[in-house]
Amino acid sequence: MLSINENFLKLQASYLFSDIAKRVAAFQAKNPQRDVIKLGIGDVTRGLPQVCVSALHKAVDEMAEDATFRGYGPEQGYDFLREAIARNDFQARGVDICADEVFVSDGAKCDTSNIQELFSTDIKVAIPDPVYPVYLDTNVMAGRTGGFVDGRYQSVVYLDSTQKNNFVPALPAEDVDLIYLCFPNNPTGSTITKDELQLWVDYAKQNKAIILFDAAYEAFIRDDSLPRSIYEIDGAKDVAIEFRSFSKNAGFTGTRCAYTVVPKDCAAYDSGGARQALHPLWNRRHCTKFNGVSYPVQRAAEAVYSDAGKAQVRELTDYYMRNAELVRKEIGALGYDLVGGENSPYIWIDGKANSWDFFDMLLNRAGVVCTPGAGFGKCGEGYIRISAFNSYENVERAMRRIREALA
Ligand code: PLP
């Protein structure tokens, strides 16, 4: 008899987006004349930057000719992209990351999921609440979390992000080994300062822990004092792995390209207590299980780093940030406490009500779809997330309707 991995049975069914879809469908069936504005999901809405489209076209043409055709590429990514990433995202900011520490992939979702394979299953994992659910669920599948009791997994150390700590969790009271951090944060939109992040790096050094730093929303940072990379923090190269993505800066959610930085200095320990570098482990894992991102997509990602690419990405993210500013202004004027939207495309609003009740109220009274915070964890209860990924006109209409419905 073949046994299954019973850890999968511990997963809590995620009804969040299907529940939202069901409620929206029911509303539309009852109110066919009303249009619904969706500010719920975290998917981008605007077309790819022109430089990326041109690079894609050119690369596809190369693929059509025997002389320029490319088959399997290097699993870690082509040098042209790894070098552009290291130069522009790190070295240009005074951060000493080399091209061979960059692993190109088809998504930060896969990378933040897969990275935990490098670590033993009997470690203590610290996960933020509320959270991008992938960090939690992949540790459930791997058997690190224990059972689900009273809304939480018994063996996970939850890092509560609340109004009290300005949505930046405090260091855990107990020793932990693997720490997930995400800034600018999904879902709260909160950011972390260099001093706050230094505390985490120091903690990781002291406790021989590793920080998994998800910087998928780095391109939305507008405050120059905020860290764009964890490697701007002293000592981070020894204890941190960073995840980046082209999904939200350049609109690659459907094109698929991201990368993970595993510095050569970054190490964990074997059962005998000897330091083991993580770079060769991740390299081995990546090469064994992944066959590279397609050549045209890597050329499109490389184009992001051209002068025109940088300008076009800035224009794209500025567009969404203008939406975020409008949401902050309008919802704030209605008297709600909120965070995010200044260095992030997400606005996290204290609805002063049950998350789903607030969701239903916005849908029924204003025809606007948001995401109930409770779907991201226990600490999300009472909040809703509004995403800036939509057209400015739709955000304006949504805010007008919310103002009329709630004023
Ligand atoms: N990390 C965070 C925090 C996200 O919110 C998302 C997507 O929404 C991802 C990673 C996934 O990024 P990718 O599209 O590169 O898989």
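Exposed means over 50% relative accessible area, buried under 20%, partly exposed in between (1.4 Å probe, protein chains only). The model is predicted: local features need pLDDT of at least 70, side-chain atom pairs count only at pLDDT 80 or more, and totals for chains, interfaces and linings use all residues. Residues are numbered from 1 along each chain as its sequence is written, and side-chain values use heavy atoms, without hydrogens and water.

I then checked the buried side of α1 and found Leu16, Ile20, Val24 and Phe27. Down the axis of α1, these buried residues fall within an arc of 60 degrees, so they line one face. The arc is taken from the directions from the helix axis to the C-beta atoms. An α-helix has 3.6 residues a turn, so residues three or four places apart point the same way.

I looked up what these buried residues pack against: β1 (37-38), α11, β15 (368-369) and β16. Contact means heavy atoms within 4.5 Å. Helices (H or I, at least four residues) and strands (E, at least two) are DSSP runs, numbered from the N terminus.

Next came the sheet. Four strands form an open sheet in the order β13-β14-β17-β16, with antiparallel pairing. Two strands pair if DSSP finds at least two bridges between them. β13 (338-340) and β16 (371-372) stand at the edges with a single partner strand each, so one side of each lacks a neighbour in the sheet. I found three bridges between β13 and β14 (residues 346-350). Leucine 338 stands opposite isoleucine 349 in β14.
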